[in-house]
Amino acid sequence: MPHFGIKKDSHTTPFRTVFNASAKSKGHKSLNECLLPGPNLVELAYHLLIWFRLNEYAMLADISKAFNRVLLDPCDAKYTRFLWREVACRALTFAFRVVVFGITASPFLLQQILNCHFEREGRPDLAKSFYLDNYLSTFEDVESMRQEHESVNKILKGAGMPLEGWASNSLVFDSEKKWSEPVNVNVLGLRWA
């Protein structure tokens, strides 16, 4: 798979390597053309954005390197090979052991794994709070928000998918030093004000 780097103003991932699974070589299909995308299990962004504004209190976070936490079956890794140039004239071949962001099936695989963990923990309702690796939720009171914060954190830490970059409009959580204020925070691409 061809790849390139993107430098980004981000405290969690300042540099990201992007792989192009839609690239074709002469006379061959791309990896994405050979994969089934699976059904769309991802919540619609505008539903989440409307729901996010329903109550007085809100919080959000991201699953840390979400796609890199979903393991591939070792027999499938050969399909995710790529070249990496170590020095000017020598290239090494590597293969992913995790789901690659940019593969057509990645959103389905991530959401299906989240759904399985939520079902196992008796909280299938949490699936509606996720848009890929973005968690967002809304609450009528701070105590409900605190309980949900503990619950979703516990479930996802147990699944090996910790949440980071927490933000809330409640000053109660500021003392915990985990939260950033919603000023200059984006919610699915829109500025949270």
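A salt bridge here is a side-chain nitrogen of Lys or Arg within 4 Å of a carboxyl oxygen of Asp or Glu. Keep that in mind as we walk through this predicted model, in which local features need pLDDT of at least 70, side-chain atom pairs count only at pLDDT 80 or more, and totals for chains, interfaces and linings use all residues. Residues are numbered from 1 along each chain as its sequence is written, and side-chain values use heavy atoms, with hydrogens and water left out.

**The overall picture**

The protein chain has 4 helices and 10 strands, where helices (H or I, at least four residues) and strands (E, at least two) are DSSP runs numbered from the N terminus. Along the sequence they follow the pattern β-β-α-α-β-β-β-α-β-β-α-β-β-β. The C-alpha atoms fill a box of roughly 60 × 35 × 30 Å, taken along the principal axes. Of the 193 residues, 35% are buried; buried means under 20% relative accessible area, exposed over 50%, and partly exposed in between (1.4 Å probe, protein chains only).

**Inside**

In soluble globular proteins, nonpolar side chains tend to be buried together. A nonpolar core is a set of buried Ala, Val, Leu, Ile, Met, Phe, Trp, Tyr and Cys residues joined through side-chain atoms within 4.5 Å. The largest one has 22 residues, and Phe 130, Tyr 135, Leu 156 and Leu 163 have the most contacts inside it. Strand 3, helix 3 (106-120), strand 7 (134-139), helix 4 and strand 8 (163-168) each supply at least two residues of this core. Helix 4 gives the most, with 4 residues.

**Charged pairs**

The structure holds 3 salt bridges:

| Pair | N to O distance |
|---|---|
| Glu 33 and Lys 24 | 3.2 Å |
| Asp 125 and Arg 123 | 2.8 Å |
| Arg 123 and Glu 148 | 2.9 Å |

Arg 123 lies in the loop between helix 3 and strand 6 (130-131) and Glu 148 in helix 4, so this pair ties together parts that are 25 residues apart in sequence. Through shared partners, salt bridges join Arg 123, Asp 125 and Glu 148 into one network. Is Glu 148 buried or exposed? At 13% relative accessibility, Glu 148 counts as buried, whereas Asp 125 is partly exposed, with a relative accessible area of 36%. In the pair of Glu 33 and Lys 24, Glu 33 is partly exposed at 41% and Lys 24 is exposed at 56%.
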